[in-house]
Amino acid sequence: MPEFAQVGDFCPNEMCSDYGKRQSERQKNIVKFGKSKAGHQRYKCNTCGSTFTETKGTIFYRRRTPKDEIIETLAFLAEGSRISSLSRVKGHKEDTILDWLRDAAEHAAVIEEELMAKYQIERGQLDSLWAYVGNKGEKKATRKATKAASSGEPR
Ligand SMILES: [Zn+2]
């Protein structure tokens, strides 16, 4: 059973010696650290002292490419653009795009919300997006959030 790393499961600070290490019985550098003004859970890494909120720690945090650019590229993919043509138009390597896609699949809930809200991508298109990387996404976690948006989709 694959596990999906959630925000709060690891330190998103690349400079940290515990960067990216999942929390476990022996690895406990992340603690809850109150809430942000917007009401998001905040976390603190006791190893490096950095704090972050639940919106960080997804693929966007450790990528050099701006989040919007990644999301837009994924939106084009979901709409049926081919990776090869996107690579040409956007100027990103095909490998890079595939990499985003693989990462995105691990954070499917966050990405799906964003794609549906900003680019009116539909459930069926998301499924074909995840099919690229053989991952159907985090279905359980997204059902609740996507029910309204996917009501027009036969299931
Ligand atoms: Zn850290």
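Is cysteine 48 buried, partly exposed or exposed? At 32% relative accessibility, cysteine 48 counts as partly exposed (buried is under 20% relative accessible area, exposed over 50%, partly exposed in between, with a 1.4 Å probe and protein chains only).

1. Basis. This is a predicted model, in which local features need pLDDT of at least 70, side-chain atom pairs count only at pLDDT 80 or more, and totals for chains, interfaces and linings use all residues. Residues are numbered from 1 along each chain as its sequence is written, and side-chain values use heavy atoms, leaving out hydrogens and water.

2. Zinc site. The zinc ion has the protein donors Cys11 (SG), Cys16 (SG), Cys45 (SG) and Cys48 (SG), at 2.2 to 2.4 Å. Donors are N, O and S atoms within 2.8 Å of the metal (3.2 Å for Na, K and Ca); water is not among the atoms, so sites may look incomplete. The four donor atoms subtend angles of 104 to 115° around the zinc ion, which makes the arrangement tetrahedral (for four donors, all angles between 85 and 135 degrees). Along the chain, the donor spacing is C-x4-C-x28-C-x2-C. Cysteine 16 sits in the segment before β1 and cysteine 48 in the loop between β2 and β3, so the pair ties together parts 32 residues apart in sequence. Cysteine 16 is buried, with a relative accessible area of 7%.

3. Sheet. Three strands make an open sheet, ordered β1-β2-β3, with antiparallel pairing. β1 (30-35) and β3 (51-53) are the edge strands, each pairing on one side only. Strands here are DSSP runs of E, at least two residues; helices are runs of H or I, at least four; both are numbered from the N terminus. Two strands pair if DSSP finds at least two bridges between them.

4. Strand β2. Four bridges join β1 to β2, and three join β2 (residues 41-45) to β3. Tyrosine 43 is the bridge partner of lysine 32 and stands opposite phenylalanine 52 in β3. Arginine 42 has threonine 53 as its bridge partner in β3. The covered face of β2 holds Gln41, Tyr43 and Cys45; the uncovered one holds Arg42 and Lys44.

5. Hairpins. The β1 and β2 hairpin has five residues between the strands, and its glycine 39 takes a positive phi near 90°. The β2 and β3 hairpin also has five residues between its strands, with glycine 49 in the turn at a positive phi of about 85°.

6. Helix α3. Buried residues in α3 are Ile97, Trp100, Leu101, Asp103, Ala104 and Ala105. They pack against α1 (67-78), α2 (83-90), α4 (108-119) and α5 (123-131), where contact means heavy atoms within 4.5 Å.

How values were computed
Tetrahedral: all angles 85-135°; square planar, octahedral: opposite > 155°, others 65-115°.
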